[in-house]
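Dear colleague,

I am passing this structure on to you, and below it you will find my notes on how its parts touch one another. Please read them with the structure open beside you.

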Amino acid sequence: MRRVTVPDPVLLSVDKPARYIGEELNAVYKDPDKTPVRVAFCYPDVYEVGMSHLGLQLLYGMFNSMDDVYCERVFAPWPDMEEQLRARQIPLYTLETFSPVKDMDFLAFTLQYEMSFTNILNVLDLSGIPIYSKDRTDDDPLVIAGGPTASNPEPMAPFIDFFYIGEGEVCYEEIFRRYKAHKEAGGHRRDFLAKILDLGPIYVPAFYDVEYEDHPAVGAEYTPAIRSFKPNRPDAPIEIRKDITDDLNTSFYPVRPVVPNLQSVFDRAVMEIFRGCVHGCRFCQAGQVYKPVRYRTKDMVLKTSEEILKNTGYDEISFTSLSTDDYPWLGELMTEFHQKHPHVAISLPSLRVDAFSLDLMEKLAEGKKTGITFAAEAGSQRLRDVINKGITEEDILRGCRLAFSGGWDRVKLYFMLGLPTETDEDIFGIAHLGYEIVDVWRKTDLDKRSRDVSVTVSTSFFVPKPFSAFQWAPQVSSEQYTAKQTYLSGLITNRKIRYNWHDSYLSTLEGVIARGDRRVADLIYTAWKKGCRFDAWSDYYREDLWKKALEECHIELQYYNYRERPYDEILPWDMINYGVTKRWLQREYERAKQGLPTIDCGKACSGCGMMAFARAGLCFEERRGSDES
Amino acid sequence: MNPERIKKRLVFEKTHRMRFVGHLDMMRIFQRAISREGIELVFSQGFNPHPRMSFARPLSLGQTSHVEIMDIELAGDIANDELIKRMNSALPVHLQVLAAYDMPEGAKPAMAIVTHAEYLIHLPERHQDEYADYLARFLEKPEITIQKLAKSKGRKQMVDLDIKPMICSLELTEPLTMRLLCLATEKENLKPDRMMKVFWETCGHPEQTGYELIERTGLYCQQEDGRLVDLISIMKDH
């Protein structure tokens, strides 16, 4: 086994050397010579960000629970460390055994956001692994990618050997088992890829060919649409089906997560309480790709949380899901947990604001009033109907009224600018809501309310995502984004209201990549070659380099972002089946344009297709229920 | 109400790659390990309570030690063997508690009594035959000056500091090992890595800076008669 030596002066010269040494509590140490399958799991961002990610902890723990597998971690080195590694020709190494990443059997990336893609190319390069899949040999690891952003694999297709679509709990054990047999028989890498195609969630880009039309697409200037997307070998499936974990109460859960030695972004225990979301927000990708809704039972959550706390020593726990309010046993869970662990702080993301939750929040924060948050997303009821966000102005004002009379003094509001059909009136609605809230505070009883109030309005830019109802929708240009932002900013003149916004061009790039095809891979490669990395970090984001790359690669924003895509055009991600039908998404998009909301699937089924697809979850139970009656 | 307050002194080691974990991060690791084991720390009063935990003298990033000392206050008593065992099961393998002692009533915290520290400096093989010569040249210097960030003329800025008076002894004990005894008071605490930077510059090899491995081997408290007493042996005698 080779080991990488990192001289002390390197670690002493970089910021936070603890990022590069491993050695944490619960890190797994095995003998690499006795584990036939070696995996490097890479979260392509800096250590503190990656270590906060539940998916990493889950797969790391699960892989290492298998006797034949040794999974180690690697992160994107911060630019100061990259400089040192390159200057001294030190290859990127795993944190546990300091082995070169290149010596692994697999290198698995999780794709969480588009703007981490240049980091992936950088990690490959620093590891001495050819960037393009076609250039790799039997000496290189097999490069895997998964995670929510892998729902459109195409922009990363030339760099990845295979994509795993859906939830990792299901198939990896079988993949590794087959790999071990394959390795013992002495087979080649390409042959191995063919041996896992029958599993279902595996997409091997090299086994498919894309052809383009010979004329520009509808609404585009010069870029042709996809004419055909076909397997180039008989055993490659035409459709890739996402994997779903049937029972989250019995599937693997990381009760022994690695506790980072450095303070991470979310420095606390993480307990997922359910997966999926009953709401059908039309801009939301996660809501669709994580379907169906599957709950972990209250007992499972309590027992598991207790184990995590015992194994880590955390004094804070986060109960996570896409919409915490919809957990059926939330009240009992909180009460029982709080009784058992009175000194453990609980953080609950995305909670509806009502008397119950306010009481809860105060109890959890031990009397501290931490501020309340609303994800209103749009400023008018009309636009909220368009996006199917089931929150009303009255909900928000009622929540604020309650909070203010309880002494709360901070309100945070989140919105998106550039949503389909948005007009100035909708943007005006954002500012108006801010003023209304200040007004509610003013009208609150003087004895009860706080001395001052602070309302924070934050906007991000809407970026259409694959597998959301808005996957065909046009995206607003960065100039238009900026105009909307300026307009809104001009409307907010009250010193009690603060306005925060995001960079607009970054959203344009995110849009191109999110709905990109294989041609966008050139853009990612070119931008990386020019020095782009850590694009999600404003200190390192280089708009100028991205613009140059866009020009060199002839990427047409009109084609990828600005036009509305016709329904009969082949979308780059059409070969992936997430269980939600294209027909249903289309219907949702049409209803959006008419401003018609759709009831959430906790109340009634709107026929998205998941019921026929899933073997588990809310849909499955409903199907079984109707079969019996 | 006067809750029980048990003062313990712990000796711990920080070795291997753990030497790259900074002091503040290490404090959090200790705190978490203690809380994981359900051992209750006493917290300071006030608006922003923090656990009563203090260290004899923080170890610089990159240095190893088997003689680190930490004082903690617990809200209930626990047998020392038990404390060691439980903390170690909750600590990373290269940050481990070696010994625990009950603090006698009224004993001063370690950070208030440490006056001297001893280090072994392991040198790279590269210049093996020249170290005696280098050391002589280094010690001949009338002043050994380092730059230090300090408050001067009302603002923080880099100031020159002569550290020669802080070196009590520096000798080559083996062909590749130097032993350093130096001041380590709250006011005057010599950082051996800073000294080594000047060492390498003096012998014309600034590129070697950081290649030496520094190990702290002793923390001492100077008695009124001038004698240096090892902090750990004081505890053993109690």
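Two residues are taken to be in contact if their C-beta atoms, placed from the backbone, lie within 7 Å. This is a predicted model, in which local features need pLDDT of at least 70 and side-chain atom pairs count only at pLDDT 80 or more, while totals for chains, interfaces and linings use all residues. Residues are numbered from 1 along each chain as its sequence is written, and chains are lettered from A and ligands numbered from 1 in the order in which they are written.

Between the two chains, 21 residues of chain A meet 22 residues of chain B. On the side of chain A that touches chain B, two or more residues come from each of α1 (8-13) and α9 (298-312) of chain A, where helices (H or I, at least four residues) and strands (E, at least two) are DSSP runs numbered from the N terminus. The largest share of that side, 4 residues, belongs to α1(A).

Within chain B, there are domain 1 (6-111) and domain 2 (114-230), with bounds from an automatic or database domain assignment. Their centres, taken over C-alpha atoms, are separated by 27 Å, and the contact takes 12 residues from domain 1 of chain B and 12 residues from domain 2 of chain B. On the domain 1 side of this contact, β3 (64-74) and α3 (110-113) of chain B each supply at least two residues, and β3(B) gives the most, with 4 residues.

With best wishes
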